Amino acid sequence: MKLSELLSIIQASICSNDNDPDIISVVDDSNNVIPGALFVARRGLVSDGHDFISSSLDNGAAGVVGELPFEDVHEWFDESQVPYVQVKNSSTALSWFAAALRGFPSRKLVIIGVTGTDGKTTTCNIIYSILRAAGISTGLITTVNAVIGDETIDTGFHVTTPDAVALQGLLAQMVDAGTTHCVIEVTSHSLVQQRVSACEFDIAVLTNITHEHLDYHGTLESYMNAKLSLFNQVSCTVPKPETNKLAVLNQDNEQSYVYIKNKLKTDLVDYGIEVQATVNATNISINERITYFDVTIGEDCFPVKTVLVGHYNISNCLAAIAVTYNGLAINVNYIQAGIASLDYIPGRMEYIKMGQDFEAVVDFAHTPNSLRELLLSVRNITNGRIIVVFGSAGLRDVSKRSWMGSIAAELADFTVITAEDPRTESLFDIMAEIASGCEEIGGVEGNTFWKLPDRAEAIRFAVGMAESGDIVLACGKAHEQSMCFGSIEYPWDDRMAMHAAVAERLGMKADYPPKLPTSEAEHYGK
């Protein structure tokens, strides 16, 4: 595609010379530039892409896009005929260029976006399962993996939506594979950073907004406005055949519901358990890890069965039902079958079963709300003790640390505090903040809670103290395949660590993940 064709999409023009090269790819990392590539210089949290314009030219960039005026970058172009383009927002430009070069794949798919603090991945998987049960060729993109046809792709995403180029590539693969629908987990970071701005969403879901990511967004209002932008995108896209453009909101999450509802520019379907909503759950019964409830939508009422435990998962089911029943007119039989067929979701209440007489579970709960909901739900399905292992990420929301400690001390029987991506902060300081929350609720170190910095040792310790009928929960990492110490991502897998700890307890061979540099983490942040 000619550079001028790309620029017409965002109403920009070349400002340095009259050259109009053919563009074969678009990148925002100068190391990925090849001859014919368009380099887009973006400002990030750590580095500024404008500082790498020279490197991109050395690697053969056919054109450069940035936010700075040409006068500020002209020195790198003095002996070059490579054109420079100034745009208002490089991230937005990157998204639209990536979409254009792939033939705007989201225009050929029914796109369902799911955002929220908690429950995004689970809700995406439930929607996906319902659509598959209905015989609809559906793709899935979450922070756990991407699914295209029968292929599951290990995305390696670290709790976020993929970058714009990778995302458009996945959507294009889906179109090529004959996919008609796609469900995308949309994080607030990806919305602010414009990674999904060229995705033409048809239906948007908000599961909830609770305390999280304020280190990035600054205020709760900014966080909610980030989520709101997804619904604004729905209102701006062209309707697709047999699809109702829809906003789906959780009425039980009152603050976010009122805030978003009052700013919507599209039709609304709400759902809830505690309030009278468009889609309601009643007659809830949890029996030996099987959850039963009735769904009422207007004059329609039908039963639902799921192995997903907890009221929060009933909410996730209701969100998926609102999308498929109200938004896509899927038959109730397929909705029931799709929900019933979903055995588990990777890293979400994922059981490690090796014949032990206690339960071992890995879960992603890493926010105050998700930890509270998990512990409350688990209390309803076990007569034994709850032993929870978790930490809190470095360089992230500090205020939630002691809060989560208090929640664990209140709702679990024993708490083991450990590492969770300390990054450049002192791991020991982070654990002390969590411990302070335990102590506020009356927790006693060495009696009801422990601080064990090595995560493998922490999980081993928790498994070692489990008695028949107890449940051991490792929270916060789940499906993630690495842990960050300093600025380095080290291989890590909670499921592997839990499996090894249970195996060791049973006298079997125990293969633990590679050892983490826990001892070095004491010195970070000093």
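This is a walk through one structure, stop by stop, with something to select at each.

Before you click, note that the model is predicted: local features need pLDDT of at least 70, side-chain atom pairs count only at pLDDT 80 or more, and totals for chains, interfaces and linings use all residues. Residues are numbered from 1 along each chain as its sequence is written, and side-chain values use heavy atoms, with hydrogens and water left out.

**Stop 1: a helix pair.** Select helix H13 (residues 368-379) and helix H14 (residues 400-411), which pack at an angle of about 10° with their axes 9 Å apart. That angle makes H13 roughly parallel to H14. Helices here are DSSP runs of H or I with at least four residues, strands are runs of E with at least two, and both are numbered from the N terminus. The axes are lines fitted to C-alpha atoms, for helices over the stretch in contact, and angles run from 0 to 180 degrees between N-to-C directions. Under 35 degrees counts as roughly parallel, over 145 as roughly antiparallel, 65 to 115 as roughly perpendicular, and the rest as oblique.

Now show side chains. On H13 the contact (heavy atoms within 4.5 Å) is made by Pro368, Leu371, Arg372, Leu375, Leu376 and Arg379. H14 brings Lys400, Trp403, Met404, Ile407, Ala408, Glu410 and Leu411. Sort the residues of this contact and you get nine nonpolar, no polar and four charged. For that sorting, Ala, Val, Leu, Ile, Met, Phe, Trp, Tyr, Cys and Pro are nonpolar, Asp, Glu, Lys and Arg are charged, and the others, Gly among them, are polar.

**Stop 2: Arg401.** Stay on H14, where arginine 401 lies. Is arginine 401 buried or exposed? Its relative accessible area is 1%, so it is buried (buried is under 20%, exposed over 50%, partly exposed in between, with a 1.4 Å probe and protein chains only). Leaving aside neighbours within four places in sequence, arginine 401 is in contact with Ser392, Ala393, Gly394, Leu395, Arg396, Glu425, Ile430, Glu433 and Ile434.

**Stop 3: Ser436.** Serine 436 is partly exposed, at 26% relative accessibility.

**Stop 4: Ser256.** Next, pick serine 256 in helix H10 (residues 254-261). Serine 256 is buried, with a relative accessible area of 1%. Beyond its neighbours within four places in sequence, serine 256 is in contact with Leu206, Asn208, Ile209 and Met224.

Stop 5: Most residues other than glycine have a negative phi. Glutamine 194, not a glycine, has a positive phi of about 65°. Look for glutamine 194 in the loop between helix H7 (188-192) and strand S10 (203-206), where it is partly exposed at 23% relative accessible area. Methionine 349 also has a positive phi, near 45°. Find methionine 349 in the loop between helix H12 (332-340) and strand S16 (350-351); this residue is buried, at 9%.
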